[in-house]
Amino acid sequence: INTLLRRVRGYITPGITEGGIIDPYNKLDLNDYGIEPVITAYNWIYKYYPEANRHRALANIAFTLAKIISPIVRKYRRNFVDHIIWNHGKTGEGKSSLADNIIHPMLDYAGDTLIKGPVETEPRLRNLVSLHRLPLILDEQDDRSLVANAPLLLASAVGMGTIGLHAARYGLGIEARFINMRGIIIFTNTTFKQFLRDARGIVGEYAMARRVLTLDWVNEPASEGVLEDIPDVKPMLGTINNIYKKYKDEFMRSKDLIKLTLLLLDKLNDYAKTDVEKAILSEYAKAVEEAIKEASEARSTSVSTDAELLVEASYDYARRLGIQAKSWIDVVLALFNNSNSGVELVKADDDQEVEEMKKKLPTILNQVPPEFMDYADRGLVRVRLWAGGLGGRIPNAREFLGKSRNHGKRGHYYILSLDEFIKPFIERE
């Protein structure tokens, strides 16, 4: 029977394709309303949002519009970074109002484009990401659900590929394949730094940070009356569809969401009929550039340095062992004395290295612990730090703490001198 059936390859869900936006179920408004919706949104934001947050609101709109196009760029540019937009803030700042009353109608309220409340399991997020090719807005996400979905969030932000499989119920083969087809925007009260801290050992800090643009909203409420004066925002799908068809080749050369967003704002000037409209589009572009600058600064403070990571992971590991640490020395000794910590002392190659360490320890410590002098007497003046050690917190990177990664029978590791290992602990205290 299978040999007689005609097979046709094509798109069966709504969203962008090579030829433009399709709507297989005839549910979307693909009329071209020009830039009227973004002008309406701009005026509403400037009327009700505090100056400190206006650029964040405008940037979210611009990024969302670019994410209508990004799936097709991802399909053909496998290294395209479709940054996750991470909006962090507190209640009352207007984030949910923006999603409900501006962004969602711009997407014509398309099914499952706005999800309110935590997406608590990876299978659920996997289904949402694979559902169609229109942007996915996740509002009111909590730390627990974000951490649970960390690997999938990481995988969803680059290129387009398989992020999950369901095996066939009977025999060999694949019953269902899940593809990362949608760009994601998150609204949460969890800081990105807190998320990274909680997700350590699940995803790499640096890899995740490169895929996220963080917008930290200032805790200033929107003006009174914001919810009583909801604007009539028409869909932008038709406008984006036509502008994509006109400039497809240029859009397809974009290397990431940032470039794509700024290019889209520039091309939307085709619709600007007045100097005021051109000025408003310029304000959107400035808002994006300001948001990118802030996100870059936030990334540098969100990601822990290697030294910070080592110390925090060591203290956490010692606490799990039940160690009541009075000082960093108790923590370090606990690691050395636990064979499962992934931190072990090893002998030096020669006596000269040992003697140098005996002279060096008194210069960096006011009082050298007797255990340290005992280690030196036995020639144990090097520390082997295994990747995946300290409960999975030590990364398997090319370098860590300035030391190149080595390969052994048990896996990858880094070698530090004893003084190099304890230096971050001393500096922290």
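**Helix packing and an open sheet in a predicted model**

The crossing of helix 14 and helix 18 is right-handed. The contact is formed on one side by W328, V331, V332, L335 and F336 of helix 14, and on the other by L418, F421, I422, F425 and I426 of helix 18. Sorted by class, these amount to 10 nonpolar residues, with no polar and no charged residues. As for the geometry, helix 14, residues 328–336, and helix 18, residues 418–428, pack at an angle of about 140 degrees, and their axes are 10 Å apart. Helix 14 is therefore oblique to helix 18.

The secondary structure comprises 18 helices and 15 strands. Along the principal axes, the C-alpha atoms fill a box of roughly 80 × 65 × 35 Å. Of the 429 residues in the chain, 52% are buried. If we take the contacts between residues at least 6 apart in sequence, 75% of them join residues at least 24 apart.

Helix 18 has a further partner to consider, namely helix 15, residues 351–364. The axes of helix 15 and helix 18 come within 11 Å and cross at roughly 10 degrees. The residues here divide into six nonpolar, no polar and two charged.

I turn next to helix 2 and helix 12. At what angle do the axes of helix 2 and helix 12 cross? They cross at roughly 100 degrees and come within 8 Å. Helix 2 is therefore roughly perpendicular to helix 12. From helix 2, the residues H55, R56, L58, A59, I61, A62 and F63 meet E283, Y284, A287, V288, E290, A291, I292 and E294 in helix 12. By class, this contact has 10 nonpolar, one polar and four charged residues.

Both of these helices are also neighbours of helix 11: its buried residues pack against helix 2 (51–76) and helix 12 (275–302), as well as strand 3 (84–88), strand 9 (212–216), helix 9 (237–246) and helix 10 (248–251). Helix 11 itself spans residues 257–267, and eight of its 11 residues are buried, so the helix is largely enclosed by the rest of the structure. The buried residues are L257, I258, L260, T261, L263, L264, L265 and K267.

Four strands form an open sheet in the order 10-11-15-14, with antiparallel pairing. Which strands stand at the edges? They are strand 10, residues 343–346, and strand 14, residues 406–408. Each has a single partner strand, so one side of each is left without a neighbour in the sheet. From one strand to the next, the twist averages 40 degrees. Strand 10 pairs with strand 11, residues 382–386, in the antiparallel sense over four bridges. Within this region, E344 stands opposite R384 in strand 11.

To close, I return to helix 18. Its contact with helix 14 has no charged residues, whereas its contact with helix 15 includes two.

Notes. Residues are numbered from 1 along each chain as its sequence is written. This is a predicted model: local features need pLDDT of at least 70, side-chain atom pairs count only at pLDDT 80 or more; totals for chains, interfaces and linings use all residues. Side-chain values use heavy atoms; hydrogens and water are left out. Axes are lines fitted to C-alpha atoms, for helices over the stretch in contact, and angles run from 0 to 180 degrees between N-to-C directions. Helices (H or I, at least four residues) and strands (E, at least two) are DSSP runs, numbered from the N terminus. Angles under 35 degrees count as roughly parallel, over 145 as roughly antiparallel, 65 to 115 as roughly perpendicular and the rest as oblique. A crossing is left-handed if the near helix is turned anticlockwise from the far one by less than a right angle, and right-handed if clockwise. Contact means heavy atoms within 4.5 Å. Ala, Val, Leu, Ile, Met, Phe, Trp, Tyr, Cys and Pro count as nonpolar, Asp, Glu, Lys and Arg as charged, and the others, Gly among them, as polar. Two strands pair if DSSP finds at least two bridges between them. Buried means under 20% relative accessible area, exposed over 50%, partly exposed in between (1.4 Å probe, protein chains only).
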